[in-house]
Amino acid sequence: MSGPSPAFRSAVALRDDALAGKLRVAEIVEETLARVARTEPTIDAFLHVDADGARARAEELDRRVAAGEASGRLFGVPIAVKDNICTRSMPTTCGSRMLEGYLPPYDAHVVERLLAEGAVLIGKTNCDEFGMGSSTENSAFKPTRNPHDPTRVPGGSSGGSAAAVAAGVVPLALGTDTGGSIRQPASLCGVVGFKPTYGAVSRRGLVAFASSLDQIGPFGASVLDVAHLASALAGHDPHDSTSAAFEPPDYASLLSRSVDGLRLGVHEDFLEKIKDAGVKERLRAAVRQLRDAGARIVRLDDLDFLTRVGIPTYYLVATAEASANLARYDGMRYGPREEAADLAATYARTRGARFGDEVRRRILLGTFALRAGHKDAYYERACKVRRLVQRAFAAAFERVDLMIGGTSPVAAFPLGRNVTDPVTMYRCDALTVPASLAGLPAASVPCGRTAEGLPVGLQILGPPRADAEVLSCASAFEQLSGRFGDLAPLAVEAAAEGDDA
Amino acid sequence: MSGAAYESVIGLEVHVQLATRTKLFCGCLNVYGADANTNVCSVCTGQPGALPVLNGFALELAVRAGLALGCAIASRTKFDRKNYFYPDLPKGYQISQLERPVNGEGSLRFVNEAGEERVVRIARAHLEEDAGKTMHPDGDRSSLVDLNRAGIPLLEIVSAPDLRTPQEAYRYLTELKRRLRYARVSECDMEKGSLRCDANVSIRPAGATELGTRTEIKNLNSFRNVERALAHEIERQTAVVEEGGSVVQETRTWREDEERTETLRSKEEAEDYRYFPDPDLPEFELEEERVDAIRAALPEMPDVKRARYVGSLGIPEATADVLTADRDAAEWFDACVAALPDGGDAKGVANAVTGVVLALANDQGVSIADLRLTPERLVEVVGLVDDGTISRQAARKVIAELDAGDEAPAEVVERLGLAQVSDEDALGATVDEVIAAQEKVVEDYRGGNENALNALVGGVMKATKGKANPQLARELLIRRLGGAGG
Ligand SMILES: [Zn+2]
């Protein structure tokens, strides 16, 4: 084999070669599985790898090529799926002992779409239990490590997906974002992550954490790859009542090379007030690059409250919804049951033993926020503030086309550092939850590394349904920065080994 | 018991299963009596990641019910989650409506046991999903859950506390059921669980305006039991108060076998359901045009139907009441009227339906709609009576035969030889024989006794084994004997 090894190439290149018959899907899959085997001992990105399924799928796709019937936007592209997205061919545990061994009776809508576009599902990636966390350390099974520095976290909750892409294992992966769970790990792992407008992608088959915030989105090494996957995922689904009734355009064909004249809003909370000097420096440099390329940088001074109210508002809304969404895990119909003397004790034992600390903490918080006598002060007040956040963004987007700033106030932190301090952990989401509360499309693109070599992500936010504009700006920035897939040294090593073989 | 000293205040919560083809939020069938857990899917078993989608027809039926009960239909409506744990509740919450029910205030009009017209306010009627069914097999420590019923669309109709006696509660339920059946919202069959009722009751000194402490009675499986349980509960509360005690707010269950209510759970154990808007089902608008279209298609309601029967068909009020008491009878009669030729005898048909057909159905213990006899055939039979082919008495036999087989009315008449003798020559000879044989009666008649004529007609009928056309026999007798008192 000549040239770079298959899994290290872009999804678009792999697809084109597979469709043209230049590269057999079986080869792509074997290379991917070999890469999994080499990287997993270090990063632990996967909860389940479906080698047999992927090989069978490759055979099927190669037969289609031979028969001249091959087609699909993601044909032959290996994709990893976050473990809170239902797959009938693989267990779906959400990183929880509560769903240990659970095999869903159906595929999520997005999985159906991936398969229809010719993708190959490689496995299920690790995550914080039920998506609740910012470091993937809340997985009941194992922590995932950052490929850039295996002593550090990959971010979360979609840490496994971000790490798998950053390590060059797969060119694309699916994550889910409730308060930043795609963007923050993308930032910490140096890859591109995108949270579409709420409702652009069907949630059917996404195991709910907070239904009014949850959204599925792509990870990739480049904006072009991410745009392809984002287009494949988006579109109306009549089986999801919150699915938007609009047909999104083909994002990949709309990617721009220019930011000339683009009005980009910046608020100090998202940049100048960031305490981590290394992170701030990279973000400042990114803003300079954009300004130099012709973008008009507009200071937004009146959005202070976004970051001030963002965290409490988000944690009240999300935990209230979670307290109901997670009520179905009672050991009665599926999942393991901890038998006890009577019904109440069986519920208590099953839920007490099978949910992790963070999940129980959030269920309690949400249950409290909805209790009679407290609902007005907590849940309902949070819903009101949420509407104010939406209005504040709407006002801001009258003056600017998009907003830019940091994705995470910090770079990847060492494993174990924040585990016992939930509030510090929650603050990791300060810059990502505002867009979640307003249902906005938002991307994180790599914008360089700190002195310690840790990636930093630039967040780009747009008004609702401006998914194409956000991706287009991300693409233009990617061109300016010259960083196509800021992959980890680990991935580079693995690629070199692959080439030697 | 000092019945006059206390007044009871009753409110009813009625759940009816909507007659949809599928469940409220998924495509599973809404049918009664299927094998356990055969009408289930990822949505109604609460699988992770499954999402609800509202059944548009269930919404339409809910609106239809609202219109039938004179409710204010909401312009915007939404669903809320009612949170509680139970093994037959797959998601750990029930999707219901708290803040913006489909139907707001309405009213129900009926005549109470004292013959007074009563108007009882309806507070609201909202959509919600049913839970599954838990079974506890004998001699087994485990329980079984059947989720076929989980997700079946229910309309919960809550009355204001406007009812004053158990008899009124019975009549309210009867009228509610009648209107909902007319609107084809639900079959309202308590035996099959498509109508369920809980009752709230309190007592207060007669004339007081403040409400007393109420109890809620569950496990009421028939309208009669609602009436009985309320009567017993009122008696119990009255005794408690008269002994100087006070009524405790609680939920009680009706023990039919022992004819009493007993405590199920007290208020302290009442749950906080932590209602909040279901984020999977965004609030939506009920467009006026949509409501108008449902209103336009609303089946004719019983009061309107009755007025039409009396007004344009000339049917006596008492007969119209019988015909409209139940939807099936009224619709069966409507089908007869549709089959009636121009100028046909609607009154005769109405009498046949109320006098013969309903009795036939009653004898068989089935609904009139399930008879083999068809409205078209009945119209033919009434036509045979009107043109003198058969007597009214013979018509009864024909109708019974028609319901037992597939013959046409004329065939039955022929086979059983039921055709009347309407031929003057044939009947004349018999009339002469009767006059000759009953001299005494003839004399009475001539003496001015009108009843004697009836005896003579009876004689002719007897001599012809009932086949004589009585009208003709009477005419021939009068012609031969001259007018009464001649
Ligand atoms: Zn179902």
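Q: Which residue does D80(B) stand opposite in β4(B)?
A: In this predicted model, D80(B) sits across from S96(B) of β4(B).

Q: How many bridges join β3 of chain B to β4(B), and do they run parallel or antiparallel?
A: There are four bridges between β3 (residues 80–83) of chain B and β4(B), and the two run antiparallel.

Q: What's the strand order in that sheet?
A: The order is β4-β3-β14 in chain B, an open sheet of three strands with antiparallel pairing.

Q: And which strands stand at the edges?
A: β4 (93–96) and β14 (276–277) of chain B do. Each has a single partner strand, so one side of each is left without a neighbour in the sheet.

Q: What box do the C-alpha atoms of chain B fill?
A: Roughly 90 × 55 × 55 Å, taken along the principal axes.

Q: What percentage of chain B counts as buried?
A: Of its 486 residues, 40% count as buried. As for contacts in chain B with a separation of 6 or more, 68% of them are between residues 24 or more positions apart.

Q: How is chain B divided into domains?
A: Domain 1 covers 6–288, domain 2 covers 300–415 and domain 3 covers 424–481.

Q: How far apart are the C-alpha centres of domain 1 and domain 2 of chain B?
A: They lie 37 Å apart. The contact between these domains takes five residues from domain 1 of chain B and four residues from domain 2 of chain B.

Q: Where does the largest share of the domain 1 side come from there?
A: From helix α2 (residues 166–182) of chain B, which gives four residues to the side of domain 1 that touches domain 2. By class, that side of domain 1 of chain B has two nonpolar, no polar and three charged residues.

Q: Switching to chain A, what are its domains?
A: Domain 1 of chain A is 11–301 + 395–500, and domain 2 is 304–384. Their C-alpha centres lie 27 Å apart.

Q: How many residues does the contact take from each domain of chain A?
A: It takes 31 residues from domain 1 of chain A and 25 residues from domain 2 of chain A.

Q: Which helices of domain 1 matter for the count on that side?
A: α13 (422–427) and α14 (433–438) of chain A each supply at least two residues of the side of domain 1 that touches domain 2. α14(A) has the largest share, four residues. By class, the residues of that side of domain 1 of chain A are 17 nonpolar, eight polar and six charged.

Q: OK, now the two chains together: how many residues are in contact?
A: 34 residues of chain A are in contact with 25 residues of chain B.

Q: Which helices of chain A each supply at least two residues there?
A: α9 (304–325) and α11 (357–370) of chain A. α9(A) gives the most to the side of chain A that touches chain B, with three residues. That side of chain A divides into 18 nonpolar, eight polar and eight charged residues.

Q: Backbone check: where's the cis peptide bond in chain A?
A: It joins G156(A) and S157(A), with omega about 10°. S157(A) lies in the loop between β3 (120–125) and α5 (159–166) of chain A.

Q: What about T136(A), what's its phi?
A: Near 65°, a positive value in a residue other than glycine. T136(A) is also in the loop between β3 and α5 of chain A.

Q: Why does T136(A) count as buried?
A: Because T136(A) has 34 C-beta neighbours inside 10 Å, and the cut-off for buried is 20 or more.

Q: And C188(B), where is that?
A: C188(B) is in the loop between α2 and β10 (195–205) of chain B. Its phi is positive, about 50°, although C188(B) is not a glycine. C188(B) is buried, with 20 other C-beta atoms within 10 Å.

Q: Last one: what does the pLDDT of chain A average?
A: It averages 93, and 95% of the residues score at least 70. Over residues 1–7 of chain A the pLDDT is below 50, and this stretch has 20 contacts in the model beyond near neighbours in sequence.

How values were computed: Residues are numbered from 1 along each chain as its sequence is written. Chains are lettered from A and ligands numbered from 1 in the order in which they are written. This is a predicted model: local features need pLDDT of at least 70, side-chain atom pairs count only at pLDDT 80 or more; totals for chains, interfaces and linings use all residues. Two residues are in contact if their C-beta atoms, placed from the backbone, lie within 7 Å. Ala, Val, Leu, Ile, Met, Phe, Trp, Tyr, Cys and Pro count as nonpolar, Asp, Glu, Lys and Arg as charged, and the others, Gly among them, as polar. Domain bounds come from an automatic or database domain assignment. A residue is buried if 20 or more other C-beta atoms lie within 10 Å of its own, exposed if 12 or fewer, and partly exposed in between; C-beta atoms are placed from the backbone. pLDDT is the predictor's confidence in each residue, from 0 to 100. Two strands pair if DSSP finds at least two bridges between them.
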